[in-house]
Structures are given as C-alpha cells and as structure tokens.
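Morning, everyone. Let me put the structure up, and then we'll walk through it piece by piece.

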Amino acid sequence: MTTVLEAPKRQSKSAQMKKYGFFPGCVAKESCKELFTSTMLLAERLGIELVELTAASCCGASVLNDTNKDVARVLNARTYAQAEALGLDDVITICSTCTGHMRAANKELLEDEARMGQANAILGKFGAKYEGNVVVRHLLWLLIDDIGLDKLKSMVVRPLNGLKVAPFYGCHIIRPESVNGWESSRNPHSLEDIITAIGGEAIDYAGKTRCCGFHIQLEKDGTAADMVGQNMRMAKDQGAEAVLTPCPLCHLALDGYQADSAARWGRTDLPTFHLPQLVALALGVDPSLLGMNKHIIGPGLVLQEHDLAPAHVA
C-alpha cells in the first residue's frame, strides 16, 4: 500500500479523449446547477470525458468532519473505490471545499495503514476496496496541468477583450499547503493565468485569498456580508468589472451578499463567474447555455460591453 500522498501532477500531458472521474459535489447539483452544466459543456470543448461518480456521497465538508472524521474518511474512501473500479485514477472536483476535504481524507488514508484498514473493513462489507491509487484534483489544476495555458489560449474563439476580472481563490483550494500544495497560498497565480490566457485582464487586490464568509453565514449573517463587502470593495477599487472563483460556496456568498453589504461598503455590483462558465464562454460555448441568468448579479451588461454576449443574456 502506498504510504505517501502522491503529489499533484504538474507535468504537461495530452488530455485528448482522457477520462477523469468526476465528483461534482452537492452544491453544483442543487444550488448552483449552472456550474455542473457549464463544466460538462467545457469538457466537450476540451475534448475530455468527465465520468460522473453518480453513486458517490457528500465529501463530508466541515459539518461531518467536525462531528465524526472517521465516517467522513470512509465516505471519501468509498468515492475513491468507485473511481478505481472504473479504471480511473483521477477524481476531479469543481468545489474548493470538496477539494480540500477530499485531499485531506486521502492523505490520512494513504499515510496511515490503520485508517486505511478501518475504511476498507467497512467498505469490504459492501464488496468494495480502496487500493490507494486515486489523486484528487480541482478542475483549475486540470486546465493548467493537463490542457496547458498555451493550448487553452489557442482554443479561444471568443476572447474576453480586456474584461477586467478579479480572481477570488477563497480558502480551501490553497490552504493548507500541507494538503493541497499545488501553488502558494500566499501568492497564488493560477486564476490570473487563466484569465490572461482567455483574453481578460487579471486584477490584483488584497482580498483574493481571503475567506468569502460562507461558512459563518448561519452563525453571523452580518459578518458574512461584511466580509464579502470588504473583499468586493477592494476589487472594485482596483478596477474590477467581474469576479472569477473556483468555488461554488464562494460564488453563493459573493453573488448573494453584495447587496447586503452596500450600506457599509457601497454598491459594488460585481457579477461573479464560476470558473468553467468564463472559460467555456471564451472557448465558444453559447452564453445562453451557461446559466448566467441564474445569478443574482447578472453579468449580461458587462458581457455586452465587451461584445461577449447578445442583449438577451441576463
């Protein structure tokens, strides 16, 4: 059994017809269905196949991990076993929280034989076993490592025409580095690289690596709105016209709380894009298929100003 967590894959490789296990997570199948749809449309453009692990359960997120980490670990091992049974060694996520929790669970399984044994003893009752061959990665990492920035740039048919986009990393895709370790948590640049590759202008601002406030909203709703307002004000003051995030939870917070934060931080009205929405748009997917009309702060006007969408797009 492998006892050391496999490092995230950094080498460039062809993704033509490559199959990946796909773990969309809960939010992309319920609250942000446009994220799921946009991801599948983007995969078609990239020439890759995302094999959804339809029998997978929730990653456990903060709630279950705080209550019973053993149960959360076994649930994730069950997901990895499903991928292995399909001959897949990559599990791709589109949620930063899922990425962080799933990678942490995998690290614990691979580095501790007792935990792996505990998980497999339970999985064995259902005829399953996790061999330890799966690597959990985010779609953002796939775009850069497997597709490559040069290739991505060559595939652009609808460049963003200088749209000023503020990247918002949030917490779980960059921290802790001991679990993710794909790029610096203090000075990440992957989202900026993507924005530039598809023809936008990446805006630098202090709030890009701060918390969105999502996980505190049920306890202190006003605090969550205040955190969003401060981050968006910093982005707006640097000239941002829109925001790009790799996390649906960040998207829900940033899109939903800007109005509530206006009393203190002023109106910002920055439309927030899911990562696959903006990339798919640049690669030529019809904007009307990307679910942007579901957003609270509609991006239609900003897109029209840059000749990226017709007038009927919300």
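Start in the loop between β5 and α8 (190-197), which is where Pro 176 sits. Helices (H or I, at least four residues) and strands (E, at least two) are DSSP runs here, numbered from the N terminus. Arg 175 and Pro 176 are joined by a cis peptide bond, with omega about -5°.

Some ground rules. This is a predicted model, in which local features need pLDDT of at least 70 and side-chain atom pairs count only at pLDDT 80 or more, while totals for chains, interfaces and linings use all residues. Residues are numbered from 1 along each chain as its sequence is written, and side-chain values use heavy atoms, with hydrogens and water left out.

Next, the sheet. Two strands pair if DSSP finds at least two bridges between them. Take Pro 167: its bridge partner in β7 is Leu 244.

Asn 161 has a positive phi of about 55°, and it is not a glycine. You'll find Asn 161 in the loop between α7 (149-155) and β5. Asp 269 also has a positive phi, near 50°, again in a residue other than glycine. Asp 269 sits in the loop between α10 (248-265) and β8. Asp 269 is partly exposed at 38%.

Now helix α3, residues 69-85. It has 17 residues and reaches 24 Å from its first C-alpha to its last, close to the 24 Å expected at 1.5 Å a residue. The expected span is 1.5 Å times one less than the number of residues. At the start of α3, a side-chain oxygen of Asn 68 comes to within 3.1 Å of the backbone nitrogen of Asp 70. Just after α3, Gly 87 takes a positive phi of about 75°.

What covers the buried residues of α3? The cover includes β1 (19-23), α2 (61-67), β3 (90-93), α4 (96-111), α5 (113-124) and β4 (135-138); contact means heavy atoms within 4.5 Å. Among the buried residues of α3 are Ala 72, Val 74, Asn 76 and Tyr 80.

Compare helix α1, residues 33-46. Its 14 residues should span 20 Å at 1.5 Å a residue, and its end C-alpha atoms are 20 Å apart, which agrees. Its buried residues include Glu 34, Leu 35, Phe 36 and Leu 46. Gly 47 follows α1, with a positive phi near 75°.

Helix α6, residues 139-147, is mostly covered: nine of its nine residues are buried. That list includes Trp 141, Asp 145 and Asp 146. Just after α6, Gly 148 has a positive phi of about 95°.

On to the rings. Rings of Phe, Tyr and Trp (its six-membered ring) pair if their centres lie within 6.5 Å; planes under 30 degrees apart count as stacked, over 60 as edge-to-face and the rest as tilted. How many aromatic pairs does this rule give? Three. One of them is Phe 22 with Phe 36: stacked, 5.9 Å centre to centre, 20° between the planes. Phe 22 lies in strand β1 and Phe 36 in helix α1, so the pair ties together parts that are 14 residues apart in sequence. Phe 22 is buried at 0% relative accessibility. Phe 36 is buried at 18%.

Then Tyr 80 and Tyr 130. Their ring centres are 5.2 Å apart and their planes are at 50°, so the pair is tilted. Tyr 80 is in helix α3, Tyr 130 in the loop between α5 and β4, 50 residues apart. Both Tyr 80 and Tyr 130 are buried.

Last, charges over rings. The test is NZ of Lys or CZ of Arg within 6 Å of the ring centre and within 35 degrees of the ring normal. The charged end of Lys 29 sits over the ring of Phe 36, 4.9 Å from its centre. The charged end of Lys 18 sits over the ring of Tyr 20, at 5.4 Å from its centre.

Technical notes:
Buried means under 20% relative accessible area, exposed over 50%, partly exposed in between (1.4 Å probe, protein chains only). A polar contact is a pair of N or O atoms within 3.5 Å; within protein, one must be able to donate a hydrogen and the other to accept it, and residues adjacent in sequence count only if both atoms are side-chain atoms.
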